[in-house]
Amino acid sequence: MMRLLGSIACGILVVATLAVRAAEKDLTRVLKPGSAPADSRLGPPRTLDSYFPFTPPASKENWERRRQSVREQILIATGLWPMPERLPLQPVIHGKINRDDYTIEKVFFASYPGHYVSGSLYRPKNKIGKVPGVLCPHGHWANGRFFDGLEAYGVQRLKAQIQQGAEKTIEGARFPLQARCAQLARMGCVVFHYDMVGTADSHQIGHAAGFTDAEADLRLQSAMGLQTFNSIRALDFLLSLPDVDEKRIGVTGASGGGTQTFILCAIDDRPAVAFPAVMVSTAMQGGCICENCSYLRQNTGNVEFAALFAPKPLGMSAANDWTKEIETKGLPELKALYRMYDAKGLVMGKAYLQFDHNYNQVSRELMYNWFNKHLRLGQPEPVVERPFVPMPPKELSVYDESHPLPKDAIGVEELRKTLSSASDKQLAVLLPKDAASLTSFRRVVGRALATMIGEPVDQTKEIEAAILEKETVHAGYSSQKALIGRKGLGEQVPVLFLQAADFAGTVVVWLHECPWTRPIKRKGLSGMTSARALSGHKWQVGHEKTGTAGLLVANSPQLDNSVLLPTSLHGLLGAES
């Protein structure tokens, strides 16, 4: 490489904008008019309907590092990094309903101060000692926990499900969520069936509402983050019960409840068995913002999220929907991962392509048998769902005259203020005061920064440059153009290097705020390249080492879940560290 590029610490660096209407002779133009860099990040943005494959790691050691990284990415994306304070739940449990061999109780507690989680608690009768616990997030069923298929679909569709073999009883077809909980309780499990935000008894915030503005996004406050924290607190509640065996915890839900299942199991070590239904796939990743938030699926997806549960027992069902290819796309890769742990029998997936999106009796019975085996329930196999007498949904409501919604209940605006205040206090505690606290600050804040810019903060090596033209000598300075990027990542950042004739070792980074199609103004360039402007500067950006910086002319192309300028700037600066 030429003298100018042989030591980047000997020049001023410009990442130049491409201007459609600028003249060919414009010094600031790195590429010809009408052309663009072959940067992989300039392609079409990924959407929830893009392809999200999972590639098994080369070794168990590689996977353990990757697992930790993805787990932290989920926590950061959902606003749970660091984890918010988990205050005492002080649950209210009331209104016991007796059924033949199980009971149903009504529950509510505050996950955050003033924000209440509600649900139905199913317990087996005649139990001896501690029994397994199962957490049941419900997903996007009409009215959630209160779902009534007759109201949602009509009697003809319910009868069609029975004729098709999807259900065996009209009660199961009409109340599939209650059927699941009742059967698990009959099998000997304590089951907590809790409300997603904005459904059934959860009225304080509308579903997928209240976090759709820029301020919420900047603070990493989201509907998904709230729902995920509610799931963590629901698990806290389940484990607080004296009759629950903390070592035998299962989680299962379908669709959006499947998302909550594998997300919770990805970030929380307490579940022992998981069964996300009709959600794990390389295709559609979740159609509601309660399943999506900023930074969540950068370079990852639902199959890998499910893989974070390895090597614990993971069962899945699929249907004639976006999950229909799980047996050929996703499951083979998960099996390869489990083989690394000598646990190939602990991951399973079955696609029932005769059925559309569902958690019907066929799929439920697949789950019952999976839980029976891995929660050691001791039921004769195959486990078949027994007929049951459902409860009218209104009678499952947790709030009544004797147990109203607490007076301290708050809406979304007050909750967001609470979240912001709490996170500000956490950040204040993290601010470094000495070497030890600096390490903690870098661990927490540095890791979050890495997720936001799409790369590890210390990934600064192997910057490669493609020289586009020879060094040009001007009056008082020289210039050279190149495309640079991190090796192997498909990056091509247009760069203009400028060096004063009397260069003394200081380098400047210039961040230019022009849009992608606007060139640097000649007036600005003339001032920048004057002998007076280029000589005598002692600017330093990002490093203690003299002469490590660059001049960055900022552009804002549409990118694929990444941020070009911060990543590029970080990489360029880091190349000289």
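Q: How many bridges join E4 to strand E6, and which way do they run?
A: 4 bridges join E4 to E6 (residues 190-194), and the two run antiparallel. Strands (E, at least two residues) are DSSP runs, numbered from the N terminus. Two strands pair if DSSP finds at least two bridges between them.

Q: What kind of model is this?
A: This is a predicted model: local features need pLDDT of at least 70, side-chain atom pairs count only at pLDDT 80 or more, and totals for chains, interfaces and linings use all residues. Residues are numbered from 1 along each chain as its sequence is written, and side-chain values use heavy atoms, leaving out hydrogens and water.

Q: Which residue in E6 stands opposite serine 120?
A: Histidine 193.

Q: And what about strand E3, how many bridges join it to E4?
A: 10 bridges, with E3 (residues 102-112) and E4 antiparallel. Threonine 103 stands opposite arginine 123 in E4. E3 and E4 form a hairpin with 2 residues between them. In the turn, glycine 114 has a positive phi of about 85°.

Q: Is E4 buried or exposed?
A: Buried means under 20% relative accessible area, exposed over 50%, partly exposed in between (1.4 Å probe, protein chains only). 10 of the 10 residues of E4 (residues 115-124) are buried, so E4 is largely enclosed by the rest of the structure. Both faces are covered, with Val117 among the buried residues on one side and Tyr116 among those on the other.

Q: New topic: where does arginine 157 lie?
A: Over the face of tyrosine 153, at 3.6 Å from the ring centre. The rule: CZ of Arg or NZ of Lys within 6 Å of the ring centre and within 35 degrees of the ring normal.
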